Amino acid sequence: MRRAIPLLSLFVLLTSLPAPAQGILPSSFAGWSAGTNLAPTTGFKVSDSETVAHEYGYLSGEKGSYARDKDTSIEVTLYRMKDPSGAYGMYSYLRSPDLLAARLTEHSAMSRDRALVLVGNLVLDIHDSDLAKDANDLSALVSAVASKAQQGPLPTLTEHLPTKGFIDRSDKYILGPVTLNQFFPVSQNDWLGFSTGAEAEVARYRVNGRELNLLIADYPTPQTAQKKLNELQQVYHVNAADADQNGSPVFGKRSITLLAIVFGARTRAEADKLLEQVQSGAEVTWNEPTFQFKEPPITTMIVGAIIGTGIICCFALISGIAFGGFRIVVKRLFPDKVFDRSSTMQVLQLGLGSKPINSEDFYGIERNQPK
């Protein structure tokens with residue numbers, strides 16, 4: 001027994017140790033087999049910048065090559081992000097203009113030789129010589145990966161993007177200054193305030209034959225958005241009075257918690273064609289008059305109480321007379337049949353007298369007895 005105790009303790013210790021992390025990519029799907037090709041990635045670089053990936057919350061990745069016969073193969077790269085919002089940002093960043101909308105998931109895009117799929121907090125980057133032919137097989141791969149994905153809400157900033165003049169697949173969800181500088185080159189530092197909880201969406205538009213860049217940033221409070229706009233007006237001359245003469249003027253406006261900025265417009269009127277379409281979808285008033293309750297004078301309250309009490313007393317008096325008269329009429333027309341029937345009446349008698357109780361005594365109604 002004493003020898004078994006150390007062995008049992010060792011077994012409990014070993015079973016309590018964390019198990020090695022298991023891969024997310026399946027070993028096979030729809031007849032495609034990976035063999036021993038699956039392996040985690042040791043590092044990840046997007047456009048030679050690891051900072052971009054970490055701004056989106058990159059945690060780990062996997063790569064695998066699947067084959068079904070000697071002539072065909074599918075290369076799959078999986079990116080695991082911290083949350084679905086970061087995965088959506090990575091998906092929008094990796095999506096190129098040649099990737100058209102696909103039906104693999106709500107957010108998926110595909111060309112002839114490449115597919116990009118968002119599944120919860122996971123992003124799949126798939127390469128094949130003819131993906132249209134293997135579309136059904138890709139659905140099986142997505143289903144296998146979806147069971148291990150972390151689901152959650154996605155960003156809603158795209159709902160505030162104007163639709164008129166929008167260039168398809170040009171929108172990018174931004175969570176850091178390095179990524180922002182690639183699509184909206186105003187400054188390389190954190191001029192938009194990502195460190196204070198900001199999130200942004202950038203997109204390109206075609207207005208009057210010119211291509212403009214639109215940035216929409218969302219802040220925690222309207223005060224934070226207004227403070228940031230004031231700061232941008234001082235530091236980067238946003239909405240400057242002499243903006244028409246500047247080489248690259250920047251125009252912006254605030255709508256509740258949203259801050260919209262246009263880069264590339266020549267005049268304020270040209271920028272307003274985009275800015276006027278950006279609405280937050282909520283209405284908050286700071287200085288509008290509100291309803292205020294005012295108590296009536298004490299004399300009005302007293303008079304109202306007296307009148308109300310009189311109305312209640314009159315109603316009670318009229319109701320009592322009406323009900324009592326109704327009983328008397330019924331008792332005269334139908335004696336001992338509806339009210340106060342002697343056969344069913346129960347009266348508590350104290351026994352202080354010898355006179356028997358008669359129901360007629362209560363109302364003084366004389367009843368003719370049959371002779």
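1. Strands here are DSSP runs of E that hold at least two residues, and they are numbered from the N terminus. In this sense valine 250 has its place in strand β13, which covers residues 250-255. The structure under discussion is a predicted model, and the remarks below should be read with that in mind.

2. Valine 250 has a relative accessible area of 10%, and it therefore counts as buried, the cut-off for that class being under 20%. Leaving aside residues up to four places away in sequence, valine 250 touches His237, Val238 and Asn239 as well as Ile261, Val262 and Phe263. Valine 186 lies 64 residues from valine 250 in sequence, while the C-alpha to C-alpha distance between these two is 8.9 Å.

3. Aspartate 134 is found in the loop that runs between β9 (122-127) and α4 (135-146). When residues up to four places away in sequence are not counted, the residues that aspartate 134 touches are Trp32, Arg68, Ile74 and Asp128.

4. The pairing of β10, β11 and β12 may be taken in order. Strand β10 (residues 172-174) runs antiparallel to strand β11 (residues 199-207), and 3 bridges join them; isoleucine 174 stands opposite alanine 200 of β11. Strand β11 also pairs in the antiparallel sense with strand β12 (residues 210-218), this time over 9 bridges.

5. Which residue of β12 is the bridge partner of valine 207? The partner is arginine 210, and the hairpin of β11 and β12 has 2 residues between its strands. Within this hairpin asparagine 208 takes a positive phi, near 55°.

6. The largest pocket holds about 330 Å³ of space. Its lining consists of 18 residues, of which Tyr88, Arg95, His107, Arg169 and Asp171 are the closest to the centre of the pocket. Helix α3 (84-94), together with strands β6 (100-101) and β7 (108-110), makes up the set of elements that give two or more residues to this lining.

7. Sorted by class, the lining of the largest pocket has 10 nonpolar residues, alongside 4 polar and 4 charged ones.

Methods:
Residues numbered from 1 in each chain as written. Predicted model: local features only at pLDDT ≥ 70, side-chain atom pairs only at ≥ 80, totals over all residues. Heavy atoms only, no water. 1 Å grid on protein atoms, 1.4 Å probe; cavity = no way out; pocket = protein on both sides within 12 Å on 5 of 7 lines; lining within 4 Å. Points joined across faces, edges and corners; volume = space filled by probe spheres on them. Helix = DSSP H or I, 4+ residues; strand = E, 2+ residues; numbered from the N terminus. Nonpolar A, V, L, I, M, F, W, Y, C, P; charged D, E, K, R; others polar. Pairing = 2+ DSSP bridges. Buried < 20%, exposed > 50% of the residue type's maximum accessible area, 1.4 Å probe, protein only. Contact = heavy atoms within 4.5 Å.
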